[in-house]
Amino acid sequence: MNNKALKIAIFTSFLAIFGNNNEVFSQESDPAKYVDPMIGTAKMGHTYPGATVPFGSIQLSPDTDTIPYGVDGHYNSDVYKYCAGYQYSDKTIVGFSHTHFSGTGHSDLGDFLMMPTVGKLQLNPGTVTDPDSGYRSRFSHEEETAEAGYYKVNLQDYDIEAEMTATKRVGMQQYTFPKSDSAHVILDLKHGIYNYDDKNVWTFVRVENDSTITGYRQTTGWARTRKVYFALKFNKAFKSYGQEKLPTKVYKGFWGRFDQTHNFPEMAGEELRLHFDFNTEEGEKIQAKLAISPVSTEGALANMETEVPHWDFEQVKADARAQWNKELEKVTIETLEESDKINFYTAMYHAFLGPTVYMDADGEYMGIDRNRHKAEGFTNYTSFSLWDTYRALHPLFNILQPARNQDMIQSMIAHQEQSVHHMLPVWSHYGNENWCMIGYHSVSVIADAIVKGNADFDMEKALQACVQTANTRYFDGIGSYIDTGYVPEDKDGASVSKTLEYAYDDWAIAQAAKKLGENEIYDAFMKRSQNYKNVYDSKTGFMRPKLADGSFKSDFDPLNTHGQGFIEGNSWNYSLYVPHDPAGMIEMMGGKEKFTTHLDSLFTMHLPDKYFENTEDISREGIIGNYVHGNEPSHHVAYLYNWTNDPWKAQDKIRMILHEKYKNGDDGLSGNDDFGQMSAWYLFSSLGFYPVAPGSVDYALGSPAVKEATIHLDNGNTFEVVAKNQSAKNVYVKKVELNGKELAKPFIQHKDIMNGGKLVFYMSSKPNKQLYK
């Protein structure tokens, strides 16, 4: 072969292997290796380390204690640590339950806990101080593995290795037992997260054969009427089974003719705890598959047959990892340190944990009206933590998960149609509205999608649902808000927060109406969006609670988070919550120079503990000065410098937050991840831009932490971010170019991203005080 032919052959081989960059990245990269599910499992993060797939219904994860919600009829504050069921500092594992929330500040779920044991049968979980009194087991983090889609731990008290993985609706476990003639698997239907006496309304189990069990658990908690069905199969027949003896009831019926505690195939009661018994050989692996359904045990069995008709644990594990890689590959990055990659891809992982699919494989689900429905043409989702996620998570989905975000909106519209209140979700899960937090932030999610052109749904119907929700007078002070322009504190608590958030939501509705040419709706809601001015006290320079008679509340302290008219925040932080009209807010507060000084003070002053010590959602770990990053109301605040004469001042603060409040390790999150909102902030800010006001097409520019990033969009385009001269010290931006043209303003638009292009930041150790001027 001559030199020319050799070169052609080599070049042809090169193209065959490397010609399609996307294909090569998909085949050769494994971004899931950078995911650390342990991040956030300590202190305030409230994340879980167990196995799940993107947006999956199953979250199969260890629970490390059984803290009750109440003690002696009073709230037990220790339960707050267990919103995700797991605390890294604990030394024992109670078992592995199949449903969990990620990062929330309140909780529920923890359904269908399973625990393998050997030796004496115990059906009580025991206690931290006396683990041997129950079926829990000691464990060590050195014998624990958590990966995307996989979890493993050694249960030291039983010498059992427990492994788990998941599909969308099925959790699969694999237990490696020692040799024993007294091996057991406990199924605890009494167990739950945020549990209390009488939370279980009813539990029911049928033993269908010597390896298949079906049933349901009905609870009344955060979700008032929640019912989850299950089907459980073992790969080996159990030799016997039974249940814990139930408390005697006044009415016994005629079931007393049976011994229901031993090998009786139908069990019912409020607090079922069951055991399934096996003989095992040394190293024998017993596998279990548990599928859930919102509709029926028949649906659970069908879900299992659809998703895991086999017993190949390694295949399910590999498929779960492949699903994660498919989602994580949507953004490729180059960073200064590997620790930054771990933070970034773990943030993507956390962002894609929810909302979760809420329907069977055939599309059936239980609606908020407690009737069976079928999702036609969309995937039905649940667990909408909207007070948190409207800010950055759903805007992130409009870029990285556009089809899913459309389905989530269709799920919200279905909720509104089924609701007797005819309202969009406030905070909903498992076919229940739980009414947690404030605002009507579904409208923000809907408006953002409409304005940004990601709206393959009935937009007119969606707009009318927004208007109906915003005009529900009996909900949380809306009637007073409509009549007087603010929520009076002496009629409804947290009145300032409600007024400010309603005003923003109204602006969002107006933007959707403008896009759809509904001018009357636009005018009405734009007028309402200015209501933020009605709770501003020019004498103090802060937003302040106002009473029904029009006077401001006395005894006002802008530093205090308690009893001052705000929810999970103080006036210093919440006074800056006018994301839809920063220019108007700045003018109202005295102009750009005075406002800049005010912002500077927020980041440099000290907030003593006494001002937030009784607010469980705020801790010292999440605070810089008086700026509270560990909770959501201030997430846009650093970007407000872009509306002043000194946009450069945002840059070092954004990089400081990224560096100090997001770290590797179990305690790497500075506050509740709140179903991905905290992580979404990290992702946007690491890329150099942020959606200050969802419902606007604009993104405010900051200071990227990545060296390079490429967003692989679903429409086939790519958007690149490059930070030239990037370093830990070069946190300031000298200039920014979009597609080769220098930007004169610190903003880009949604179309700039979705059309594909290149955003280049030129980094420096010194601020460019003339930037964007």
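Me: In which loop does Leu 109 lie?

Reply: This is a predicted model, and in it Leu 109 belongs to the loop that runs between β5 (95-97) and β6 (113-118). Phe 112 is found in that loop between β5 and β6 as well.

Me: Are Leu 109 and Phe 112 buried or exposed?

Reply: A residue counts as buried when its relative accessible area is under 20%. Leu 109 has a value of 1% and is therefore buried. Phe 112 has a value of 0%, so Phe 112 is buried.

Me: Is the peptide bond from Gly 354 to Pro 355 cis or trans?

Reply: In general, most peptide bonds are trans. The bond from Gly 354 to Pro 355 is cis, and its omega is near 0°. Pro 355 sits in the loop between α5 (338-351) and β21 (356-357).

Me: How many residues of helix α7 (residues 393-400) are buried?

Reply: Eight of its eight residues are buried, and the helix is mostly covered. Among them are Leu 393, His 394, Asn 398 and Leu 400.

Me: Why does His 441 count as buried?

Reply: His 441 counts as buried because its relative accessibility is 2%, and the cut-off is under 20%. His 441 lies in the loop between β26 (432-433) and α9 (442-451). With neighbours within four places in sequence left aside, His 441 is in contact with Leu 386, Trp 387, Tyr 390, Glu 501 and Asp 505.

Me: At what angle do the axes of helix α17 (residues 649-661) and helix α18 (residues 677-687) cross?

Reply: The two axes cross at roughly 130° and come within 10 Å. That angle makes α17 oblique to α18, because an angle over 145 degrees would be needed for roughly antiparallel and 65 to 115 for roughly perpendicular. The crossing of α17 past α18 is left-handed.

Me: Which residues make the contact of α17 with α18?

Reply: From α17 come Ile 654, Ile 657 and Leu 658, and from α18 come Trp 681, Tyr 682, Ser 685 and Ser 686. By type, five of the contact residues are nonpolar, two are polar and none is charged.

Me: Which residues touch the most other members in the largest nonpolar core?

Reply: In soluble globular proteins, nonpolar side chains tend to be buried together. The largest nonpolar core here has 215 residues, and those touching the most other members are Phe 96, Phe 234, Ile 399, Ile 509, Met 543, Phe 689 and Leu 759. Helix α12 (residues 495-515) contributes the most to this core, with 11 residues. A second, separate core has 10 residues, including Val 170, Ala 291, Met 304 and Val 316.

Notes. Residues numbered from 1 in each chain as written. Predicted model: local features only at pLDDT ≥ 70, side-chain atom pairs only at ≥ 80, totals over all residues. Heavy atoms only, no water. Axes fitted to C-alpha atoms, helices over the stretch in contact; angles between N-to-C directions. Helix = DSSP H or I, 4+ residues; strand = E, 2+ residues; numbered from the N terminus. Parallel < 35°, antiparallel > 145°, perpendicular 65-115°, else oblique. Left-handed = near helix turned anticlockwise from the far one by under 90°. Contact = heavy atoms within 4.5 Å. Nonpolar A, V, L, I, M, F, W, Y, C, P; charged D, E, K, R; others polar. Core = buried A, V, L, I, M, F, W, Y, C linked by side-chain atoms within 4.5 Å. Buried < 20%, exposed > 50% of the residue type's maximum accessible area, 1.4 Å probe, protein only.
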